[in-house]
Amino acid sequence: MSLSMKPATPCTFPTTTRPAKHVSVRCCTLTQTAVRPLKMSLDTHQQAVKSWENLLDPLDYDPMASLFTSRAVKLGNKWKEYLGVKNWEGLLDPLDENLRGEILRYGSFVEAAYRSFNFDSSSSSYGSCRYPKSTLLARSGLHQTGYRLTRHLRATSGIRLPRWVEMAPNWVATKSSWIGYVAVCQDKEEIARLGRRDVVIALRGTATGLEWLENFRATLTPVPNADTEPTHHDDGDGDDSEPMVETGFLSLYTSGTDEVPSLQEMVREEISRLLQTYGDQPLSLTITGHSLGAALATLTAYDIKTTFKRAPMVTVMSFGGPRVGNRSFRCQLEKQGTKVLRIVNSDDLITKVPGFVLEEEDADVPKDQNVYVAGLPSWIQKRVEDTQWVYAEVGRELKLRSRSCPYLKNINVATCHDLKTYLHLVNYS
């Protein structure tokens, strides 16, 4: 769910009136079109492009450069600690150097998903992956990772549109689009360094018009076929609730068409195959995503642990993710043993939506107990909860702040949410 001024296509600037030439500028899924007179000198055009580049791009360098070589530390028997088996106690403040390297490494897999997506809405292949599995990582800037792609993943919107929409532009009518991939560590040296064989699921943020519409379907809805007991909140009103998540996120995860299976079906099928192949080895499932991809990563982790009773360790590393579900959903994640590390920029508005949180974020307060906000009558809070807009934060939080970093060129709503900003803040925090 990344910020955008218009549908996610590269920005174009006219250079001359005839013939038409364009220069494309893109930063993750943030796009904005410059409106200029048709007649522009080359110098004026170059100044305009430079101005937009400075606005949209928070960094002067590529944060993916050398991520796989700068911190190649052997994790050995401590790999589970870096994946949260002890909830990252003692590793977040100050940020442990080995954990920092792992966060950057997984973040680069998400950046590769962005770079591989076809944002050109004028193309007949809009919404697809630009590269085949065999070369995706290398062509998106990740070389010698030791990982091999095993599956492309697509997400489909469940929103029903009128037939006339089929005549609309691609960014409006595209119902199903490529959203990420599954990759497996195959290199023996990298497996030895990591201490296990690692499976990565990497998911990009919002790109299409229907994905944006799904983002705004922010009321909570029950998770279907949740193999869980209702969670009792001992807060005096005897409320029992079931796991619930944001309607739009669940739609993108579970919807499919006759031609394209749902993201849920693709994930279940691939994880089942991988567990049959590597289940007798030390194995980890690490699901990472940015923005919308972070929300879907949390749903994916929940679904894997619910579906596969003997699943290995499942960890979510999310960047700039919105809220996903209610307290019962959080409690079920914890009971499953799913570990979630949320990397959050406190200046990023997306991490503060959707809905409300009526709980005290305090270690001394039981996580299954409701805490009333001072000065707010209990009957009002009860009415708010009944609206199905009350969310709960999940997992542990690594809090960053872009305004405290002197190296960022620009600080605005867009750049605060940019994945490049997150990787930079992790690198220099």
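Helices (H or I, at least four residues) and strands (E, at least two) are taken here as DSSP runs, numbered from the N terminus. The structure is a predicted model, in which local features need pLDDT of at least 70 and side-chain atom pairs count only at pLDDT 80 or more, while totals for chains, interfaces and linings use all residues. Residues are numbered from 1 along each chain as its sequence is written, and side-chain values use heavy atoms, with hydrogens and water left out.

1. A salt bridge is a side-chain nitrogen of Lys or Arg within 4 Å of a carboxyl oxygen of Asp or Glu. By that rule the model has 19 salt bridges. One of them pairs R115 with E111, with the closest N and O atoms 3.3 Å apart. Because R115 and E111 lie 4 residues apart in helix α4 (residues 97–116), about one helical turn separates them. Both R115 and E111 are buried, where buried means under 20% relative accessible area, exposed means over 50%, and partly exposed lies in between (1.4 Å probe, protein chains only).

2. Salt bridge between distant parts of the chain. R151 and E269 meet through their side chains in a salt bridge of 3.0 Å, N to O. R151 belongs to strand β3 (residues 147–156) and E269 to helix α10 (residues 263–278), so that the pair links distant parts of the chain, 118 residues apart. Is R151 buried or exposed? R151 counts as buried because its relative accessibility is 18%. E269, at 52% relative accessibility, counts as exposed.

3. Another buried pair, and a network. E211 and R204 form a salt bridge at 2.9 Å, N to O, and both residues are buried. Salt bridges that share partners also join R323, R342, E393, E397 and K399 into one network.

4. Cis peptide bonds. Most residues other than glycine have a negative phi, and most peptide bonds are trans. A cis bond joins D93 and P94, with omega about 0°; P94 sits in the loop between α3 (79–82) and α4. Another cis bond joins V353 and P354, with omega about -5°. P354 lies in the loop between β12 (339–345) and α13 (378–386).

5. W88 has a positive phi, near 60°, and is not a glycine. The loop between α3 and α4 holds W88, which counts as buried at 1% relative accessibility. S291, also not a glycine, has a positive phi of about 65°. Its place is in the loop between β10 (283–290) and α11 (292–307), and S291 counts as buried because its relative accessibility is 0%.

6. Strand β5. Strand β5 (residues 197–203) is mostly covered, with 7 of its 7 residues buried. In a regular strand the side chains alternate between the two faces of the sheet. In β5 both faces are covered: R197, V199, I201 and L203 are buried on one side, and D198, V200 and A202 on the other.

7. Partners of β5. Two strands pair if DSSP finds at least two bridges between them. Strand β4 (residues 176–185) and β5 run antiparallel and are joined by 5 bridges; V184 has V199 in β5 as its bridge partner. β5 and β10 run parallel, with 7 bridges between them. Here R197 stands opposite L283 of β10.

8. Cysteines. How many disulfides does the model have? The count is 0, a disulfide being a pair of cysteine sulfur atoms within 2.5 Å. C185 counts as buried at 0% relative accessibility, and C405 counts as buried at 11%.

9. Nonpolar cores. A nonpolar core is a set of buried Ala, Val, Leu, Ile, Met, Phe, Trp, Tyr and Cys residues joined through side-chain atoms within 4.5 Å. The largest has 49 residues, and those with the most contacts inside it are L99, I103, F109, L137, Y147, Y181 and I343. Helix α4 gives the largest share of this core, 9 residues. Leaving aside neighbours within four places in sequence, I103 is in contact with L95, M317, F319, L341, I343, L398 and V426; contact means heavy atoms within 4.5 Å.
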